[in-house]
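Subject: Structure for you to look at

Hello,

Here is the structure we talked about. Please open it first, then read the notes below it.

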Amino acid sequence: MTFYYFINCVLLTFGPLFFVYKFTPLSEYGSVWRCSIALLGYIFTQICKLLIIATVMTPALVYDYLVDVIGMYWVLVKQQKASLSQVKILGVAVGWSFGESLLTRFVDFYVNARSMQFDWKHMLTAVDANLSLIQNISICCLLWLWSRGGQKLPIAIVIAYFLALTGFGANLIAKGCLVLALSVSTLFAVN
């Protein structure tokens, strides 16, 4: 039974990433390389974040989101060459989310989800991975809009979202509401 629980958590975490890759223009353009560059960008960003936190010794919340946004911007604008903007945005978002899920959630699932007792914590972590995918798609879209024009609205939405996320903490319901608000505001910013 514990093996099925582990498989369920892994499929709930990585299944939406597969579906986003398979049923969007990413699969038509063979974007495995774009997603792997975003994965390497995520790893490099996390190493830089750890070095900054270890050197400056200030609260991690201050640098946590800022370094992630800078790293995502660097991968999105400076490293990706694509013909379609949606391929570029989705490639970075899927690669970034895959790296985040692989490096932060998979080991926890493997070690703890195979225990003898069922715990809802792992299912909520898998749902949080899906919220992170939507969050990363919205942030990549807003960063792309900000880099293409001189608009201040997309970067203001990103800053307001991360300030609200820092204020609310790690509550899953609050994060879900904030991700919904971020995705709706992204739709309004695009149109």
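At 1.5 Å a residue, the 28 residues of α5 should span 40 Å, and its end C-alpha atoms are 39 Å apart, which agrees. The expected span is 1.5 Å times one less than the number of residues. Helices here are DSSP runs (H or I, at least four residues), numbered from the N terminus.

This is a predicted model, in which local features need pLDDT of at least 70 and side-chain atom pairs count only at pLDDT 80 or more, while totals for chains, interfaces and linings use all residues. Residues are numbered from 1 along each chain as its sequence is written, and side-chain values use heavy atoms, with hydrogens and water left out.

α5 has a kink of about 40 degrees centred on Arg 105; the bend is the angle between axes fitted to the seven residues ending there and the seven starting there.

Helix α3 (residues 32-56) packs on α5 (residues 85-112) at about 50 degrees, with the axes 7 Å apart. Axes are lines fitted to C-alpha atoms, for helices over the stretch in contact, and angles run from 0 to 180 degrees between N-to-C directions. That makes α3 oblique to α5 (under 35 degrees is roughly parallel, over 145 roughly antiparallel, 65 to 115 roughly perpendicular, the rest oblique).

The axes of α7 (residues 153-168) and α8 (residues 172-190) come within 10 Å and cross at roughly 175 degrees, so α7 is roughly antiparallel to α8.

Regards

Key
Helix = DSSP H or I, 4+ residues; strand = E, 2+ residues; numbered from the N terminus.
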